[in-house]
Amino acid sequence: MIEWMSQPWPWYVAGPLITLTMLLLLFAGKSFGVSDTLRTTCAIGGGGKVSDFFDFDWRKQVWNLVFVLGAVIGGFIASTWLQQPEPIPLAQDTVVKLQELGISNPGANYLPEEIFSWDSLFTLRGFVMLVFGGFLIGFGARYAGGCTSGHAISGLSNLQLPSLIAVIGFFIGGLIMTYLLLPVILTL
């Protein structure tokens with residue numbers, strides 16, 4: 001069973017599972033998204049006393065906090081017991097380009113040590129990538145009215161035009177980061 005779970009799932013299994021999840025959420029009158037949990041957490045902590053944005057009935061959103069907790073626990077389980085021993089299959093062109101940018105062993109880990117490690121956090125490159133980048137992602141999710149999962153999965157399945165515009169923006173931002181900003185940041 002563990003061997004089957006640790007393999008990548010094909011689209012014809014993962015896609016219908018996402019669809020089933022969305023149908024159940026729509027039937028229950030819920031929307032999917034992770035960035036709303038920050039608002040819920042702030043409301044639990046008394047943020048409604050400081051800002052009207054956090055003044056709402058957070059008890060109706062506890063299910064979303066449980067989902068995020070499950071994602072964190074699932075990520076821990078997957079990284080601890082379900083990792084594949086083989087390197088990540090990357091195209092040879094990608095490996096060459098990443099090595100040119102200073103990633104010594106592309107594909108050995110999902111997160112390159114040169115970027116995602118405690119040692120690199122205390123460098124200019126690590127600060128820009130992890131701290132400043134994390135702030136921009138949080139700000140962008142709030143500014144766009146949701147995160148990538150909320151817009152791409154929940155918003156698009158509800159045929160919402162703002163979600164389509166947000167997802168197009170996410171892809172454009174990803175391309176700009178990959179081809180223009182990442183090469184500059186990795187040289188810091």
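**Pockets and their linings**

Guide: This model is predicted. In the lining of the second largest pocket, 4 residues are nonpolar, 1 is polar and none is charged.

Visitor: Which residues line the second largest pocket?

Guide: They are W9, A14, L17, I18 and G70. Helix 2, residues 11-28, gives the most, with 3 residues.

Visitor: What makes a residue part of a lining?

Guide: An atom within 4 Å of a pocket point. For the largest pocket, 45 residues line the space. Among them, the closest to its centre are G173, G174, M177, T178 and L182.

Visitor: Which helix gives the most to the lining of the largest pocket?

Guide: Helix 9, with 14 residues. Helix 9 spans 161-185. Helix 5 (92-100) and helix 7 (124-143) each supply at least two residues as well.

Visitor: How is the lining of the largest pocket split by class?

Guide: There are 32 nonpolar, 12 polar and 1 charged residues.

Visitor: Where does UniProt place the feature "transmembrane region"?

Guide: The unreviewed entry places it at residues 12-29, 62-82, 122-144 and 164-186. In the model, residues 12-29 are 94% helix and 0% strand. Residues 62-82 are 95% helix, with end C-alpha atoms 28 Å apart.

Methods:
Residues are numbered from 1 along each chain as its sequence is written. This is a predicted model: local features need pLDDT of at least 70, side-chain atom pairs count only at pLDDT 80 or more; totals for chains, interfaces and linings use all residues. Side-chain values use heavy atoms; hydrogens and water are left out. On a 1 Å grid over the protein atoms alone, a cavity is a set of points where a 1.4 Å probe fits but cannot get out, and a pocket is an open set with protein on both sides within 12 Å along at least five of seven lines; lining residues have an atom within 4 Å of a point. Helices (H or I, at least four residues) and strands (E, at least two) are DSSP runs, numbered from the N terminus. Ala, Val, Leu, Ile, Met, Phe, Trp, Tyr, Cys and Pro count as nonpolar, Asp, Glu, Lys and Arg as charged, and the others, Gly among them, as polar. UniProt positions are given in the numbering used here, feature names are shortened, and annotations may be inferred rather than shown by experiment.
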